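Please read these points with the model open beside them.

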Amino acid sequence: MHLIRIGIVDVDTDIRNGRRQIIDSQPDFQVVFESEDALAALEKAAELLIDVMLVDHRLRGMDGVQLVQKLILAFMAADSKVPAFVLTGPYFSPELQLASIFAGATDLVTADVGADELIKALRSTAAHDDHPDFKELAEFLAGFEKLPQPPLGFQLKLAELEPRDEAIIEKFKWGLNESEISKQLDVARYRVSQALDAAQRSFGFATRAQLFLALYPSRLS
């Protein structure tokens, strides 16, 4: 049985205990890290092997979106496996969903989510199911007047891509999935996946959605 190692960061003791009980109810889930403090999590989490981090947005010292961003950088700097992230918030809003995508979280759930939905989110995230329908994601992004700016140096790294990788990224930018890109460019699907994975790592992104979000503004120019 494959064990899914989970970390929890939440300032509310009762909520944290409740989530631990839900997680402990699953034979293949194990809580390997728990903290009420964002700074403590930032100092210690990157030293551990964690598959999924469950991070609440309401923290002391920094919010959950900021912590997710900093944790991803910390895991990368330590040359450790970067866990997937589920962000929890007091309520759902398009703005928080956008912020969670930008930060590198795979999923966003509300604080009052039921046990079954939380387990489903953790399993999906652990499976690195971070390939949403990018055409639907584009429609979501189109609803914002202003989007986060790509990271510094992003355009320069795009310009340095090999021609075939550049063609794959260009198709991906328009919401095509790996199978569609493979067919249109007559390239093996595994090669498409490799190119997107390499671009994702090169840009320091944890998810495909982050990569898509960074590319999206160039569709408007």
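1. Two strands pair if DSSP finds at least two bridges between them; strands (E, at least two residues) and helices (H or I, at least four) are DSSP runs, numbered from the N terminus. Five strands form an open sheet in the order β2-β1-β3-β4-β5, with parallel pairing. Because β2 (29-35) and β5 (107-110) stand at the edges with a single partner strand each, one side of each has no neighbour in the sheet.

2. This is a predicted model, in which local features need pLDDT of at least 70, side-chain atom pairs count only at pLDDT 80 or more, and totals for chains, interfaces and linings use all residues. Residues are numbered from 1 along each chain as its sequence is written, and side-chain values use heavy atoms, without hydrogens and water.

3. Strand β4 (residues 84-89) pairs with β5 in the parallel sense over four bridges. Gly89 stands opposite Thr110 in β5.

4. The axes of helix α3 (residues 64-77) and helix α4 (residues 94-103) come within 9 Å and cross at roughly 10°. Axes are lines fitted to C-alpha atoms, for helices over the stretch in contact, and angles run from 0 to 180 degrees between N-to-C directions. That makes α3 roughly parallel to α4 (angles under 35 degrees count as such).

5. Contact (heavy atoms within 4.5 Å) is made by Val65, Val68, Gln69 and Ile72 of α3 and by Leu96, Ala99, Ser100, Phe102 and Ala103 of α4.

6. Helix α1 (residues 13-24) lies across β1 (4-9), β2, β3 (52-56) and β4, and runs at about 160° to β2.

Terms used: Angles under 35 degrees count as roughly parallel, over 145 as roughly antiparallel, 65 to 115 as roughly perpendicular and the rest as oblique.
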